[in-house]
Amino acid sequence: MCFDADSAPPIPALSGAAVSHDDLVLEAADGNRFAAFLATPDEPARVGIVILPDIRGLYRFYEELALRFAERGYAALAFDYFGRTAGAEKRDDEFEYMPHVQQSTPSGVQADVAACVAHLRAGGCDAIFTVGFCFGGRHSWLAAGAGHGLTRAIGFYGRPGPGNDGSPGPAQRASELTCPILALQAGDDAGIPVEDSTAFGAALAAAGADHELVIYPGAPHGFFDRKHEEFAADSEDAWNRVLAFLERRS
């Protein structure tokens, strides 16, 4: 888990921004029904963002993040991973997520991403980005090789190596990632050695992939959090890089 239940994105709300938001239930091609949260600016958005949460799935942090994107003119859709095993209902902070994480599969996550992409496109978005955190960072990068037609894919402190089930990770599939990649990694991540992050960058470079890898020295896993005031400068830099990445549409 990247964040505490009462954590919040380290991003200032834009006063006076006109946005709307909705709780949704979407359906993937395999019939899975899952919860999602959509935030949209009042003006039509041509750019859509699929937000892939950490291993806890959809909760307040990611709803807040979607609102921050919408305030800046983007349609943002955060979704939950556990419709197949926990249903599409809202859950409280006591939700035991790990049994559901263990039952999730890369193909199931990407089926849900596809449904989110389709929903944003139906709403008028013609450029689609993904941004994910931890578990979601990994799957955001993998989404770049899943045939969704993404414009770009962003991951915060994702694990780039093989999965626990032995499935190839983003580093092993670097040549299959068909859109530019932004990787924002923690330099003091207890679960993801710096060597794994640099190996991911090397694999992307070897594949000729358009990519940007940033490692924040001393930053822990989950540093992108308003509570981590000592890493506020790293969070601000990461957010500015995300916004700059969103502006590059080709």
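Guide: Start with one term. A helix here is a DSSP run of H or I, at least four residues long, and helices are numbered from the N terminus. One caution as well: this is a predicted model.

Now find helix α4, residues 106-122. Check its length against a simple rule. With 17 residues at 1.5 Å a residue, α4 should span 24 Å.

Next, see which parts of α4 are covered. A residue counts as buried when its relative accessible area is under 20%. In α4 the buried residues are Gly108, Val109, Gln110, Asp112, Val113, Ala115, Cys116, Val117 and Leu120. Keep one rule in mind as you read that list. An α-helix has 3.6 residues a turn, so residues three or four places apart point the same way.

Most residues other than glycine have a negative phi.

Keep following the chain. Strand β5 covers residues 127-133, and Cys134 sits in the loop between β5 and α5. Cys134 is not a glycine, yet its phi is positive, near 60°. Its relative accessibility is 14%, so Cys134 counts as buried.

Then comes helix α5, residues 135-143. Is α5 covered or open? Here 9 of the 9 residues are buried, so α5 is largely enclosed by the rest of the structure. Those residues are Phe135, Gly136, Gly137, Arg138, His139, Ser140, Trp141, Leu142 and Ala143.

Further on, look at Tyr157. Tyr157 is in the loop between β6 (152-156) and β7 (181-186). Here too phi is positive in a residue other than glycine, near 35°. Tyr157 has a relative accessible area of 0%, so it is buried.

Now step back along the chain, to the stretch before α4. Glu94 lies in the loop between α2 (83-86) and α3 (98-103). Asp92 is in the loop between α2 and α3 as well. Are these two buried or exposed? Both count as exposed, Glu94 at 63% relative accessibility and Asp92 at 55%. Asp92, Asp93, Glu94 and Glu96 form a patch of negative charge on the surface. Ala5 is 89 residues away in sequence, but the C-alpha atoms of Glu94 and Ala5 are 9.4 Å apart.

Two more pairs show this kind of folding back. Leu67 belongs to helix α1, residues 60-71. With a relative accessible area of 14%, Leu67 is buried. Pro44 is in the loop between β2 (33-41) and β3 (47-52). Pro44 counts as exposed, at 73% relative accessibility. Its C-alpha atom is 8.5 Å from that of Ala75, 31 residues away in sequence.

Finish with charged pairs. Side chains of opposite charge can pair when their charged atoms come close. How many salt bridges does the structure hold? There are 14. One of them joins Asp6 and Lys227, with N and O 2.5 Å apart. This pair links distant parts of the chain, 221 residues apart: Asp6 comes before β1 (19-27), and Lys227 is in the loop between β8 (211-216) and α7 (232-247). Lys227 is partly exposed, at 41% relative accessible area.

Glu212 and Arg248 form another salt bridge, with their closest N and O atoms 3.7 Å apart. Glu212 is in strand β8 and Arg248 comes after α7, so the pair ties together parts that are 36 residues apart in sequence. Both are partly exposed, Glu212 at 22% and Arg248 at 37%.

Salt bridges link Glu64, Arg68, Glu71 and Arg72. Within it, Arg72 and Glu71 meet at 3.6 Å, N to O. Glu71 is buried, with a relative accessible area of 15%.

Note on methods: Residues numbered from 1 in each chain as written. Predicted model: local features only at pLDDT ≥ 70, side-chain atom pairs only at ≥ 80, totals over all residues. Heavy atoms only, no water. Salt bridge = Lys/Arg side-chain N within 4 Å of Asp/Glu carboxyl O. Helix = DSSP H or I, 4+ residues; strand = E, 2+ residues; numbered from the N terminus. Buried < 20%, exposed > 50% of the residue type's maximum accessible area, 1.4 Å probe, protein only. Patch = residues over 30% accessible without salt bridge, like charges linked within 9 Å, V, L, I, M, F, W, Y side chains within 5 Å. Areas by Shrake-Rupley, 256 points an atom, 1.4 Å probe, with all protein chains shown as cover. Lys, Arg positive; Asp, Glu negative; His and termini not counted. Charge placed at Lys NZ, Arg CZ, Asp CG, Glu CD. Expected span 1.5 Å × (residues − 1).
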